Amino acid sequence: MIVKLLAYTQNADAVCAAAGRSCYSEEPAHDLLGTGDPEKSLGRIVGMGHHSVIEHASFTFSVEGVSRALTHQLVRHRIASFSQQSQRYVSMKDATYVTPHTVSEDPEREKLFGETMDEIWNAYNKLVESGVPAEDARYLLPNGCTTNITITMNARELLHFFSLRCCTRAQWEIREMADEMLRLCSDVSPTIFAKAGPPCVRGPCPEGQKSCGSPRRKK
Ligand SMILES: Cc1cc2nc3c(=O)[nH]c(=O)nc-3n(C[C@H](O)[C@H](O)[C@H](O)COP(=O)(O)OP(=O)(O)OC[C@H]3O[C@@H](n4cnc5c(N)ncnc54)[C@H](O)[C@@H]3O)c2cc1C
């Protein structure tokens with residue numbers, strides 16, 4: 001998979017810090033921008049759980065080569081915007097799919113998986129060639145089929161998303177993508193994302209008996 005940060009709110013830490021401070025100041029945010037220490041003020045506000053101020057920061061990602069199994073989970077996040085490659089308008093004639101590690105680590109499993117994918121795509125191409133529209137032939141295509149998707153979330157939703165999807169309880173593929181998104185966000189907005197990640201980064205694991213038992217708490 002390829003995950004790129006396509007666009008983001010410039011100086012997001014400073015913008016959100018100024019927005020937060022403007023709640024308690026006679027000055028408007030535009031006069032507060034660039035003054036004070038965003039790490040201190042924003043860190044305190046976000047630490048208290050006042051997450052509405054970080055809704056002012058927006059992040060857009062371009063993701064390539066993930067499975068439709070991943071995007072099906074991803075689009076359950078409702079406070080986000082998505083634009084996904086269409087299986088109606090884009091030809092799916094080439095067999096492109098994600099192979100899970102549990103399959104690729106064993107030659108026999110990989111062979112079975114690959115042969116089944118070839119069969120599926122042969123049938124898909126035959127249907128399309130016989131005149132079935134791509135929008136109908138795609139009913140054959142598997143969950144593993146690759147896709148591209150553009151994602152926009154504000155920082156508040158991203159914190160929630162990272163909490164759920166960077167956790168080991170999340171599936172490996174979406175976790176891999178979420179970890180990379182978090183890395184990209186932390187590079188440009190270190191204060192907002194200082195404590196981002198699964199709940200165990202910030203405190204006790206809420207997963208009870210399903211806990212992996214390996215907290216990622218930052219020292
Ligand atoms: C490990 C894991 C396993 C999962 N397994 C399943 C499964 O087996 N089956 C399944 O169907 N789903 C499953 N899900 C998906 C999960 O139930 C959520 O749909 C998904 O994680 C989106 O999260 P969300 O609803 O909290 O947040 P978002 O949609 O991202 O929304 C963010 C927050 O906004 C608020 N919000 C959004 N919409 C509303 C609303 N309509 N009313 C009130 N508040 C709202 C809530 O506080 C919510 O937490 C799983 C998710 C994870 C992480």
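This report describes the domains, selected helices and ligand surroundings of a predicted model.

Residues are numbered from 1 along each chain as its sequence is written. Because the model is predicted, local features need pLDDT of at least 70 and side-chain atom pairs count only at pLDDT 80 or more, while totals for chains, interfaces and linings use all residues.

The protein is divided into domain 1 (2-83 + 147-210) and domain 2 (95-140), with bounds from an automatic or database domain assignment. Their centres, taken over C-alpha atoms, are separated by 35 Å.

Helices are DSSP runs (H or I, at least four residues), numbered from the N terminus.

| Item | Value |
|---|---|
| Helix α1 | residues 12-22 |
| Helix α3 | residues 38-47 |
| Angle between α1 and α3 | about 65° |
| Distance between axes of α1 and α3 | 9 Å |

Axes are lines fitted to C-alpha atoms over the stretch in contact, and angles run from 0 to 180 degrees between N-to-C directions. In α1, D13, A14, C16, A17, G20 and R21 meet P38, S41, L42 and I45 of α3, contact meaning C-beta atoms, placed from the backbone, within 7 Å. By class, this contact has six nonpolar, two polar and two charged residues.

Helix α6 (residues 107-129) has 23 residues and should span 33 Å at 1.5 Å a residue, which agrees with the 32 Å between its end C-alpha atoms; the expected span is 1.5 Å times one less than the number of residues. G131, which follows α6, has a positive phi near 110°.

The ligand is surrounded by R76, H77, R78, I79, E157, H160, L164, R169 and A170, the criterion being a C-beta atom, placed from the backbone, within 6 Å. This shell divides into three nonpolar, two polar and four charged residues. Ala, Val, Leu, Ile, Met, Phe, Trp, Tyr, Cys and Pro count as nonpolar, Asp, Glu, Lys and Arg as charged, and the others, Gly among them, as polar.

Key:
Helices (H or I, at least four residues) and strands (E, at least two) are DSSP runs, numbered from the N terminus. Two residues are in contact if their C-beta atoms, placed from the backbone, lie within 7 Å.
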